[in-house]
Amino acid sequence: MKDWRILPMGEAAVLAECALADVAAANAHAHALADALGTAFDVLPAIRSVLIRFDPLHRTTAQVIAAIEAQIAQLGTPEPPKGRIVTIPVRYDGPDLEEAAHSLGLSADELIRRHTAQPWRVLMIGFAPGFPYIGPLPPALTLPRRATPRPAVPAGSVAIAAGFTGIYPARLPGGWHLIGQTDVVLFDPQRTPPALLSAGDEVQFVACCA
Amino acid sequence: MLRVISAGALCTIQDLGRTGYQRFGVPLGGAMDRAACVIANRLVGNPPDAACLEITGPGAVFEVLAPCVIALAGADLGATFRGRALPPWMAHYLAGRGELAFEGRRWGARAYLALAGGIDVPPVLGARSTYLPGEFGGLAGRALRSGDVITAQPAGDLARRVGRIWPTPPDYAPQVRLLPFDGPVPNVLIAHAWRVGTQSNRIGLRLSGPQIEIDQPRARDSFGVFPGVIQLPPDGQPILLTADAQPTGGYPVIAIAIQADLHRVAQVLPGDALRFVPTTFEEAVDAWRRLQALLASPVEEDEGMALAARAGG
């Protein structure tokens, strides 16, 4: 229990946040907790937390916290999620590629090599419909967000920032460093499920030259 | 059946939004003023989650193409049909062709127009709500514009729905009760009136007032948020999240507006003032209980009004 902070979030929600320093481990814990609670509650797992929403006329905050604590006590050390591996072809020609590589002390080719070197975990879908937070990236690929966000980033932009890599599913404002572009459709409201990726999946980026 | 002549500042089709898709990054969405949406629907005999028009500010004008029963709830935007006033919080029979206009802002920001039967657009991800940034739901995922035709699903006996009155509208005092999150509510949030900024929209209200500084930026990895959450971005001016808020956010959260007051938040526009007051968890739950009881209260029939409406006057 010491690894968790449980915070009431208004009268109709509770946030359970895993405090483990390791983001990948905290993410696995959050998803295991969300799965355990998901049959009884409206849960939203994020990078290292689970938001539980409820109707305060049916349950009290104290009852919800007790249910969360009971599940945490049984959690143990969760296995990494068994998601699919999804291949995403990328043209590494983003407008920030050279600058990002320079800031990381790498050549552009070396940045691409490292970005495609292994599959990365989808930790959360958030920010916008279908936007995946993928990672955590190693320190060698970790950059802060751009000082000035762009008002519009093109759909399909592959980007890195703050220890994550992501893909813009639509034209959106954004502060991440754009290193490439994919034609894969990340979100389609007519599809079931609407997002291509789900938390727990792994993404293998592949450089393509088309 | 209505044809849009002018959509005014913003007119969208909304219901009570989408649950179950937040883990794919899809906002809850739906009516900004859920209470008014439910009441408008109940007045015309619809299920509470039927699709309505959300009419923001004055300026919307429609041509009624066929006799229909509508109800109005929420803001009083000076609605008239063929020049005759249509007060909010009741159902009205529109007997044939004519102009339905929302020409003044007497009170509030968003009026809800329910059509008996519910507006007929295909559900997307389980709801008919328009999500403008994602360009889906409602009518082709966009705001209504001149020339659009709005049709209702079959409604059965219209006459039975005419002349209904909602006895007690919700309390729209322009103050919003707050609960703390992970530390006390910053005093400055309570001590000052906040101006609704021009960049406010269905995603959130950008509030302007004194700079808010928090001791420790309570930085977190992005976590789940929802309408009512008050975030503090680096510029020190708070954002009160509303219906179309993204389901996750990374800004520090400094307070939570209680769910029972979100209909108040829906009825302000840029330039209006909003005040916050502290509350307790007990009072928040009690306020929610009272609001739900109000929304479940019986509709009153006004027989005289019904007869007059059926007679066309």
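Accessible areas here come from the Shrake-Rupley method with a 1.4 Å probe, and for residues only the protein chains shown count as cover. This is a predicted model, in which local features need pLDDT of at least 70 and side-chain atom pairs count only at pLDDT 80 or more, while totals for chains, interfaces and linings use all residues. Residues are numbered from 1 along each chain as its sequence is written, chains are lettered from A and ligands numbered from 1 in the order in which they are written, and side-chain values use heavy atoms, with hydrogens and water left out.

**Stop 1: chain B**

Select chain B. Its accessible surface is about 11900 Å², and carbon and sulfur atoms hold 53% of that. Colour by secondary structure to find five helices and 22 strands; helices (H or I, at least four residues) and strands (E, at least two) are DSSP runs, numbered from the N terminus. The C-alpha trace spans about 65 × 35 × 30 Å along the principal axes of chain B. The radius of gyration of chain B is 20 Å, which agrees with the value near 20 Å for a compact globule of 313 residues; the radius is taken over C-alpha atoms, and the globule rule is 2.2 Å times the number of residues to the power 0.38.

In chain B, 59% of the 313 residues are buried, where buried means under 20% relative accessible area, exposed over 50%, and partly exposed in between (1.4 Å probe, protein chains only). Of the chain B contacts with a separation of 6 or more, 76% involve residues 24 or more positions apart; a contact means heavy atoms within 4.5 Å.

Now show the charged side chains of chain B. Lys and Arg count as positive and Asp and Glu as negative, with His and the chain ends not counted; each charge is placed at NZ of Lys, CZ of Arg, CG of Asp or CD of Glu. The 28 positive and 28 negative charges of chain B have mean positions 3 Å apart.

Next, go to B:Arg82, in the loop between β6 (79-81) and β7 (84-85) of chain B. Phi of B:Arg82 is positive, near 50 degrees. Most residues other than glycine have a negative phi, and most peptide bonds are trans.

**Stop 2: chain A**

Switch to chain A, with four helices and 13 strands. The accessible surface of chain A is about 9000 Å², 55% of it from carbon and sulfur atoms.

**Stop 3**

**Stop 4: loops of chain A**

Move to A:Phe127, in the loop between β6 and β7 of chain A. A:Phe127 is not a glycine, yet its phi is positive, about 70 degrees.

Then select A:Pro136, in the loop between β7 (132-135) and β8 (150-153). The peptide bond joining A:Gly135 and A:Pro136 is cis, with omega about -10 degrees.

Finish at A:Pro193, in the loop between β12 (177-181) and β13 (202-207) of chain A. The bond from A:Thr192 to A:Pro193 is cis, with omega near -10 degrees.
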